[in-house]
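User: Please take a close look at the aromatic residues in this model. I would like one connected account of how they are arranged and where they sit.

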Amino acid sequence: MIKFGYTILYVENVEESVLFYENAFGFSRKLITPENDYGELITGETTLSFASKTLAAQNLKDGFIESSLEEKPFATEIGFITDDVPETVQKATSFGAVLVKEPTQKPWGQVVAYVRDLDGFLIEICTEMQ
């Protein structure tokens, strides 16, 4: 059996990133290592995790492309489902998220918006697909 267990975002400051996601989206902290180089949030079935760029560099000797608000977002996103997209976007931006696209209703009825987190990762905030 294989299941999708977690996504890890490589961030500048694990504690700051975990705090942002707790405040902006209401997730609960599962753990942060004593070294403050890795943390996890309880988000439902799949864990959202954070590793410091220093820890990531130890694991990936050939390096990696760092996410940054100064650059375009990666060709990937994390998606959060909510009943109230405008309210969730407002709350996220009040804690430092950068608005990319206002909530928009798609032809199939779903409401979708985009923000970027403190490290520049792209977040889709949307209603459930019907």
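Analyst: This is a predicted model. Start with two rings. Phe 27 and Phe 80 are both buried. They form an aromatic pair, with 5.0 Å from centre to centre. The angle between their planes is 65 degrees, and the pair is edge-to-face. That label applies because planes over 60 degrees apart count as edge-to-face. Phe 27 sits in the loop between helix 1 (14-25) and strand 2, while Phe 80 belongs to strand 5 (residues 78-81).

A second pair joins Phe 74 and Phe 121. Their ring centres are 6.1 Å apart. Their planes meet at 55 degrees, so this pair is tilted. Phe 74 lies in the loop between helix 2 (53-59) and strand 5. Phe 121 lies in the loop between strand 7 (111-116) and strand 8 (122-126). These partners are 47 residues apart, and the pair links distant parts of the chain. Phe 74 is partly exposed, at 30% relative accessibility. Phe 121 is buried, at 10%. The cut-off explains the two labels, because buried means under 20% relative accessible area.

The structure holds 10 aromatic pairs. Ring pairs also build a cluster: Phe 20, Tyr 21, Phe 25, Phe 27, Phe 50 and Phe 80 are linked in this way. Phe 27 and Phe 80, the edge-to-face partners, are thus named again in the cluster.

Next, the nonpolar core. The largest one has 23 residues. Those that touch the most other members are Leu 9, Tyr 21, Phe 25, Phe 50, Phe 80 and Ile 123. Strand 1 (6-11), helix 1, strand 4 (47-52), strand 5, helix 3 (85-94), strand 7 and strand 8 each give two or more residues to this core. Helix 1 supplies the largest share, six residues.

How values were computed. Residues are numbered from 1 along each chain as its sequence is written. This is a predicted model: local features need pLDDT of at least 70, side-chain atom pairs count only at pLDDT 80 or more; totals for chains, interfaces and linings use all residues. Side-chain values use heavy atoms; hydrogens and water are left out. Rings of Phe, Tyr and Trp (its six-membered ring) pair if their centres lie within 6.5 Å; planes under 30 degrees apart count as stacked, over 60 as edge-to-face and the rest as tilted. Helices (H or I, at least four residues) and strands (E, at least two) are DSSP runs, numbered from the N terminus. Buried means under 20% relative accessible area, exposed over 50%, partly exposed in between (1.4 Å probe, protein chains only). A nonpolar core is a set of buried Ala, Val, Leu, Ile, Met, Phe, Trp, Tyr and Cys residues joined through side-chain atoms within 4.5 Å.
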